[in-house]
Amino acid sequence: MRTFHVFLHAKPAIELTAARRSQPLLELPCEVLRLTPEMVSAPLDVSFESAGERLQALPQLYFEPDGSFVWVGQTATSERWQLDGLLNDGIATLQNVELKGTCDPDAWDQILDAFQLSGDAVVLQLAKEGVFVTDPEFRRVFLTA
């Protein structure tokens, strides 16, 4: 597991294969996406209230009414992880979700499920690296090391 700082965005309504280019991330080859902020401006298809309720159902997750949360756990090999998050509310639904920390693939699946997202319905903006990636690329670089 590697430490990350990402924003979850709804996948834009464009063909992503044309927007790909190779760029190393953390010394690993990676396919990043050439997207503009306008391309990822569509909101996620889940309300703040629904996401909050679903997050609160996760074990060892503490949720604040302002949309911030912290979730701790450990892997099957007892490696501890922590994920800090913030729900960025839009008008009727979430605009995006900010996530920082580390977690294992199982926890990542649970977080996506809390936002009623599948890996193919989201793109991730890597804050530090300044690029967008697909969910499979994110998992390969940050969750399986």
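Which helix holds both arginine 139 and aspartate 135, and how many residues apart are they? Both lie in helix α3 (residues 135–143), four residues apart, or about one turn of the helix. Helices here are DSSP runs of H or I with at least four residues, strands are runs of E with at least two, and both are numbered from the N terminus.

Before going on, a word about what you're looking at. This is a predicted model, in which local features need pLDDT of at least 70 and side-chain atom pairs count only at pLDDT 80 or more, while totals for chains, interfaces and linings use all residues. Residues are numbered from 1 along each chain as its sequence is written, and side-chain values use heavy atoms, with hydrogens and water left out.

Side chains of opposite charge can pair when their charged atoms come close. Arginine 139 and aspartate 135 meet in a salt bridge, at 2.6 Å from N to O. The term means a side-chain nitrogen of Lys or Arg within 4 Å of a carboxyl oxygen of Asp or Glu. Aspartate 135 is buried, with a relative accessible area of 4%. Buried means under 20% relative accessible area, exposed means over 50%, and partly exposed is in between (1.4 Å probe, protein chains only).

Helix α3 has another such pair: glutamate 137 and arginine 140, three residues apart, with their closest N and O atoms at 3.0 Å. Glutamate 137 is buried at 13%, whereas arginine 140 is partly exposed at 34%. Shared partners also tie Asp109, Asp135 and Arg139 into one network of salt bridges.

In total, the structure holds five salt bridges. One of them runs between arginine 54 and aspartate 113, with the closest N and O atoms 3.5 Å apart. This pair links distant parts of the chain, since arginine 54 sits in helix α1 (residues 48–56) and aspartate 113 in helix α2 (residues 105–114), 59 residues apart.

Now for the strands. Two of them pair if DSSP finds at least two bridges between them. Strand β5 (residues 68–74) runs antiparallel to β4 (residues 61–63), joined by three bridges, and antiparallel to β6 (residues 80–89), joined by seven. Phenylalanine 63 stands opposite phenylalanine 69 in β5, and tryptophan 71 stands opposite leucine 83 in β6.

In a regular strand the side chains alternate between the two faces of the sheet. In β5, Phe69, Trp71 and Gly73 make up the covered face, and Ser68, Val70, Val72 and Gln74 the uncovered one.
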